[in-house]
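Please keep the sequence and the structure open alongside the text.

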Amino acid sequence: MGKRIRRRTVVRRKEKPVEINDEHFQQKTSDIRAQRLDGAFFEGFVELQEKQKDELEEAAKGTLKREALSSNKYQNDSRSIIKPRSKKQSLDLYKEIMYTIMHRLGARKQGGDNLTDGEIYSYAREVLDISAEEHKQVYDEVKAVKAPECFLNVKVFRAEDVEAKDANGFSDPYCMLCIIKDGEGDKVSDNGNKIKKQVLRHLREENDVKMTKIQMKTLNPEWNQPFKFNVNDLHNQVLRIDMWDKDDNSVILDEENKITSIKGFKGAGRMLKEIYQSAAGGSKNTLDDFLGLVEVPLKNIPENGVDAWFKIESRNNKKTVKGRLRLKISLSTKEPDRPTSNLSEASANEVYKELLNCCARYDCQQTIDSMQNDSEWQCILSDHAEAILLQYTMQHEIRPLEVAVIKWGIFSKLIQEINIPMDVLSTQMEDFKKHSANDKLDTDYELEQHLESMKIFSDYMIRLIGKYRYTYSNVEQRNVTELGKLLICLLMIHRVPVFTQKYPDLILHKEIEKVLEKSTNEWFFIEEAFHQSMEQDDKDILGYLCHLTNAINADLQRGLEVYEPIFKCINVRYMVVVFNKIETLISQLVEEKTSKIKNNFHQGSKDDVASIWFQLYLAVKGLYQLKKKHIPQGDQNTEGLDNWSSWFRKGVVKLLEIASDKAEARTLKALEMDEVRVIDSMVKHSTSAVDVTCCLGQICIFNNTLEWPDPLGAFTFLA
């Protein structure tokens, strides 16, 4: 047998590999080793960029919180806006209301919401604080006063698609107008089924009939002529309009179609009579053709009048006519002398203004008392107030332009005392613009008063803009919306032609930019005082500068997102004005303070001071980047932040020296703490290689964060 050979087996101990595939584990291990190496010096500076973002968010929240505490623009602590008046004034106004309602004109609304006279009196008593005994006394006095004389106001605008009566395919239309009794002139045919209406020439004398001008060769005539009639019986009278085609050309050529304008002059009676007789068929050679009629019962005219198209009707059912006529119809009164009222010497407009003021303030106060906090009255008057004011304007013929002017005066004052939506004033400006296009105030004095009111309110709104950070803070979206409404209203005022003529030197965007600059200056010093530390060591000074710069950054960012689009709508360069002012102020402050910090820091500072200094560097760099990105080149300040890097140059040099020392120390420390890490049977590495690589990576990140604005000048850092 052969010799058995004994083999020795060597068993090697297999080391368990360290699993490092988990990123969280790697980061945790890296952070732990960085702390052991040098307290994570580089990692701490890299984290400052994220910390800076958190600081900006905190600064924005803090600024909004402080602004919210000062956001109430009203100083009316009692929240009572009803102005006191004497008992005599209240009684006089109550007499005016009672007389107006006692002689109400026009058809009232149908339905359950129709107010009775008693309900309106009760409302007026509450508004003016009238007792039951005083009400009875006033009622007896007013009842004894003669009723007012009533009038019908008619404006004939135009007609459309009237019947062609002439051989040329046209007509020469004109209208005859008169007030007649309901059913007057209606005739029943022999069989009792047909009704035939007589023309006005058979019902009235020529002096009772008013006529429009004659429009030649047209089927769509335009007159735009007003007429006024006495009314004796509202319930049983109708407005009657007959339309004719004129065939007598000789009269037209002589008088340029203006028939009504010659009445009362020498020779006018003859020519008018000829025309009237022509329509009456008095001459076979000058017979006018009937085009149709319109009848409007006076009892159907609404309280606020009517502006509508009316179908042209035939005199009977045998003949057909075509076309329609546009009319504006309203009722009014002429009041007799009323010794019971002490307001007889006041104009109707002045009385209306006082009535509107009383009702508006009362209704607004009712809203305030019934709701909580800063509830907004929408400037919607109660039905009772509307009934009083509508009747008063109708009976006294207060024109829409005058109403718009008076409402502007009342609401522009009220809005300065209580929370009212700004677009209410925009509505009033629209009304003024619309009505002033075809009308004008009676006197230059009234226009001057209105323009002065607009100027006062414009100044008030511009002052509000100066407090926009507080009054219109974006703590609530409705504040920002209200600022937009304010600017629109302001723009509308400055676009009124008579306003720009009165105040040619008042340039809106310049006035707003001026107040924005002043507001920014005040806000800056308030913020500076808030953040300034009582201590004066380097760390505290750097900290206060850092907090202040972050607050500025947050404010500018908010301005860019919230306010810039709003002000841009009225051609105001919000960001340019605000940024340039802030840039001047913050540049002076930071340059002055850092000039003292630099030397101390250069001689040696603790790492926490260096961290705050670097955070300030990042905050100022953010301001500069915002300037370059959002401020047009032509609008930028030539100084200010352009040299901002020079304020930090020595600090950067010192910081880089420290970083160099830290990098060298970390490398040596990494070698001392070097360990071999086995990944698997084929891979292993030394911890020092990883530590040094991580250190170099952090230095690269730090360099990107630093982002020194002068790359060429940075070569001197290596010297």
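Lys485 is partly exposed, with a relative accessible area of 25%; buried means under 20% relative accessible area, exposed over 50%, and partly exposed in between (1.4 Å probe, protein chains only). The model is predicted: local features need pLDDT of at least 70, side-chain atom pairs count only at pLDDT 80 or more, and totals for chains, interfaces and linings use all residues. Residues are numbered from 1 along each chain as its sequence is written, and side-chain values use heavy atoms, with hydrogens and water left out.

**Salt bridges**

- The structure holds 31 salt bridges. Each one is a side-chain nitrogen of Lys or Arg within 4 Å of a carboxyl oxygen of Asp or Glu.
- Lys485 pairs with Asp423 in a salt bridge, with 3.4 Å between the closest N and O atoms. Lys485 sits in helix α14 (residues 477-494) and Asp423 in helix α11 (residues 423-436), so the pair ties together parts that are 62 residues apart in sequence. Helices (H or I, at least four residues) and strands (E, at least two) are DSSP runs, numbered from the N terminus.
- Asp423 is partly exposed, at a relative accessible area of 31%.
- Asp635 forms a salt bridge with Arg573, and their closest N and O atoms are 3.1 Å apart. This pair links distant parts of the chain, 62 residues apart: Asp635 is in the loop between α19 (607-630) and α20 (649-672), and Arg573 is in the loop between α17 (538-568) and α18 (574-603).
- Asp635 is partly exposed at 24% relative accessibility. Arg573 is also partly exposed, at 38%.
- Lys621 and Glu707 meet through their side chains in a salt bridge (3.5 Å, N to O). Lys621 belongs to helix α19, while Glu707 lies in the segment after α21 (687-706), 86 residues apart.
- Lys621 is buried, with a relative accessible area of 8%. Glu707 is partly exposed, at 43%.
- One network, built from salt bridges that share partners, joins Asp186, Lys197, Arg240, Asp242 and Glu295.

**The sheet**

- An open sheet of 4 strands runs in the order β6-β1-β10-β9, with antiparallel pairing. Two strands pair if DSSP finds at least two bridges between them.
- β6 (222-231) and β9 (306-311) stand at the edges with a single partner strand each, so one side of each has no neighbour in the sheet.
- Neighbouring strands of this sheet are turned by 25° against each other on average, direction ignored. Axes are lines fitted to C-alpha atoms, for helices over the stretch in contact, and angles run from 0 to 180 degrees between N-to-C directions.
- Strands β1 (residues 149-160) and β10 (residues 324-334) run antiparallel and are joined by 11 bridges. Ala159 has Leu325 as its bridge partner in β10.
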